[in-house]
Amino acid sequence: MGSNGAETHDAAAIKTHVEAIAAAQLPNSGIYNFLLSEARIVSARRGTVTARLTLTRNHMNSGGGIHGAASAALVDWAGGLAIASWDLRARTGVSADIHVSYLSSAALGDEVEVVATADKVGGSLAFTRVVISKVVDGEAGPVIANGSHTKFVKQR
């Protein structure tokens, strides 16, 4: 990793970078704008980003729980931000593969915490893990969904 790598930056600089990437994505992505405009970055360090989001009607399925598509969008979005935090890159790649396992649910008004980790960011591919948990008494509680996300990140 050269001098542009995130290891040369402190957590505050990484968080600022990740917040800027997230903000820039909103007007360019209808789905992110619709689902994630109220998401906030809680912390970021090299390869790991933590965000929180209070669930609204936009996130609910017909049964009143968090929609699987909302969880999948969180995995996609947060995985990309973890990649951005790895080396402060501006482009987070395109999805090659995404998996989500749904373990529990959350309801309207619940807050969720999303922790995304970039396990490896290589020259062509990046591999991320994402855990979505329901926040209980201010802390991450029961896991709602686990995701893995592979992105093509080769920069031209």
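**View 1. Helix α3 is mostly covered in this predicted model.** Of the 20 residues in α3, 17 are buried. After α3 comes Leu88, with a positive phi near 60 degrees.

**View 2. The largest nonpolar core has 40 residues.** Those with the most contacts inside this core are Leu74, Trp77, Leu81, Val112 and Ile132. At least two core residues come from each of α1 (11-25), α2 (30-36), β1 (40-45), β2 (48-54), α3, β4 (111-121), β5 (125-136) and β6 (139-152). Helix α3 gives the most, with 11 residues.

**View 3. A closer look at Leu74 and its contacts.** Leaving aside residues up to four places away in sequence, Leu74 touches Leu36, Leu53, Gly79, Val112, Val114 and Ile132. Two of these partners, Val112 and Ile132, are themselves listed with Leu74 among the core residues with the most contacts.

**View 4. The largest pocket has a volume of about 430 Å³.** Its lining is made of 19 residues, and the closest to the pocket centre are Arg91, Thr92, Gly93, Val94 and Phe152. Two or more lining residues come from each of α1, α3, β3 (94-102) and β6. Sorted by class, the lining has eight nonpolar, six polar and five charged residues.

**View 5. Leu103 sits in the loop between β3 and β4.** Is this leucine buried or exposed? Leu103 is exposed, because its relative accessible area of 52% is over the 50% cut-off. Even so, Leu103 touches Val143, Ile144, Ala145 and Asn146, not counting residues up to four places away in sequence.

**View 6. Leu88 and Asp137 each have a positive phi.** Most residues other than glycine have a negative phi, so this pair deserves a look. Leu88, in the loop between α3 and β3, has a phi near 60 degrees. Asp137 is found in the loop between β5 and β6, and its phi is about 55 degrees although it is not a glycine. Asp137 counts as exposed, since its relative accessibility is 78% and exposed means over 50%.

Definitions and conventions: Residues are numbered from 1 along each chain as its sequence is written. This is a predicted model: local features need pLDDT of at least 70, side-chain atom pairs count only at pLDDT 80 or more; totals for chains, interfaces and linings use all residues. Side-chain values use heavy atoms; hydrogens and water are left out. Buried means under 20% relative accessible area, exposed over 50%, partly exposed in between (1.4 Å probe, protein chains only). Helices (H or I, at least four residues) and strands (E, at least two) are DSSP runs, numbered from the N terminus. A nonpolar core is a set of buried Ala, Val, Leu, Ile, Met, Phe, Trp, Tyr and Cys residues joined through side-chain atoms within 4.5 Å. Contact means heavy atoms within 4.5 Å. On a 1 Å grid over the protein atoms alone, a cavity is a set of points where a 1.4 Å probe fits but cannot get out, and a pocket is an open set with protein on both sides within 12 Å along at least five of seven lines; lining residues have an atom within 4 Å of a point. Grid points are joined across faces, edges and corners, and a volume is the space filled by probe spheres set on the points. Ala, Val, Leu, Ile, Met, Phe, Trp, Tyr, Cys and Pro count as nonpolar, Asp, Glu, Lys and Arg as charged, and the others, Gly among them, as polar.
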